[in-house]
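Visitor: I would like to learn how to read a protein model. Could you take me through one?

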Amino acid sequence: EYGNTDLRKIKPVGFKPSYGLLSRHGLISLVNLMDLPGILTRCVDDAAVVLGVLAGHDPKDSTTVQDPVKPFILPSLTDVNKRCIGIPKNILYQNYQ
C-alpha cells in the first residue's frame with residue numbers, strides 16, 4: 001500500500017496517438033514508421049491533458065501536423081444502461097470448441 005492508495009487497484013491507461021500528432025524528436029530510431037511516442041497515465045482524463053500539452057507541430061520534426069491542434073475535451077459520462085454490445089459467436093466461442 002502506498003499512502004491511502006492500494007497499488008493493486010491502479011489501472012494504467014495507455015494511449016497511442018495517430019502518426020504525426022506527437023513529435024518523434026529525441027526518440028531512438030529503430031524502424032522509422034514504427035517509432036511512435038505513447039502516453040501512459042493513471043486515468044483517461046490525465047491522458048487527455050498530457051495529449052493536449054504534447055500534441056501539435058514541432059519545428060524539429062517534419063512529420064508532425066502543421067495545423068493547430070484543437071484542445072482535447074472528453075465527453076461527459078453517458079448512460080450505458082440501454083446500450084447493446086454485439087459479439088459474433090465465432091469470435092466469442094472459438095477457443096471453447
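**Reading the model**

Guide: Begin just after α1, where Gly56 takes a positive phi of about 125°. This is a predicted model, in which local features need pLDDT of at least 70 and side-chain atom pairs count only at pLDDT 80 or more, while totals for chains, interfaces and linings use all residues. Residues are numbered from 1 along each chain as its sequence is written, and side-chain values use heavy atoms, with hydrogens and water left out.

Visitor: How many helices and strands are there in the protein?

Guide: Helices are DSSP runs of H or I with at least four residues, strands are runs of E with at least two, and both are numbered from the N terminus. This protein has two helices and two strands. From the N terminus on, their order is β-β-α-α.

Visitor: What share of the 97 residues in the protein is buried?

Guide: Look at relative accessible area: buried means under 20%, exposed means over 50%, and partly exposed lies in between, with a 1.4 Å probe and protein chains only. Buried residues are 20% of the 97 residues here. The accessible surface comes to about 8700 Å², and 58% of that belongs to carbon and sulfur atoms. Those areas come from the Shrake-Rupley method with a 1.4 Å probe; for residues, only the protein chains shown count as cover.

Visitor: Which residues of helix α1 are buried?

Guide: The general idea comes before the case. An α-helix has 3.6 residues a turn, so residues three or four places apart point the same way. In α1, residues 44–54, the buried ones are Ala47, Ala48 and Leu51. Seen down the axis of α1, these buried residues fall within an arc of 100°, so they line one face of the helix. The arc is taken from the directions that run from the helix axis to the C-beta atoms.

Visitor: Which residues are exposed on the other side of α1?

Guide: Asp45, Val49 and Val53 are exposed there.

Visitor: What do the buried residues of α1 pack against?

Guide: They pack against β1 and β2. To read packing, count contacts, meaning heavy atoms within 4.5 Å. Of the contacts in the protein with a separation of 6 or more, 56% are between residues 24 or more positions apart. Gly52 and Phe72 are 20 residues apart in sequence, with their C-alpha atoms 5.8 Å apart. Asp46 and Val13 are 33 residues apart along the chain, with a C-alpha separation of 8.9 Å.

Visitor: Back to Gly56. Is Gly56 buried or exposed?

Guide: Gly56 is in the loop between α1 and α2. Gly56 counts as buried because its relative accessibility is 11%. Not counting residues up to four places away in sequence, Gly56 touches Leu21, Thr64, Val65 and Val69. The C-alpha atoms of Gly56 and Pro68 are 6.4 Å apart, with the two residues twelve apart along the chain.

Visitor: Which side chain does Thr64 join by a polar contact?

Guide: A polar contact is a pair of N or O atoms within 3.5 Å; within protein, one must be able to donate a hydrogen and the other to accept it, and residues adjacent in sequence count only if both atoms are side-chain atoms. Thr64 meets the side chain of His57 at 3.3 Å. The Thr64 side chain also reaches the backbone nitrogen of Asp58 at 3.0 Å. Thr64 sits in the loop between α1 and α2 (89–92). Thr64 is buried, at 4% relative accessible area.

Visitor: Which residues make the nonpolar surface patch?

Guide: Patches use residues with over 30% relative accessible area and no salt bridge; like charges are joined within 9 Å, and nonpolar side chains (Val, Leu, Ile, Met, Phe, Trp, Tyr) within 5 Å. A salt bridge is a side-chain nitrogen of Lys or Arg within 4 Å of a carboxyl oxygen of Asp or Glu. Here Ile28, Leu30 and Val31 make a nonpolar patch of about 360 Å². Val31 lies in the loop between β1 (13–15) and β2 (39–41). Its 46% relative accessibility makes Val31 partly exposed.
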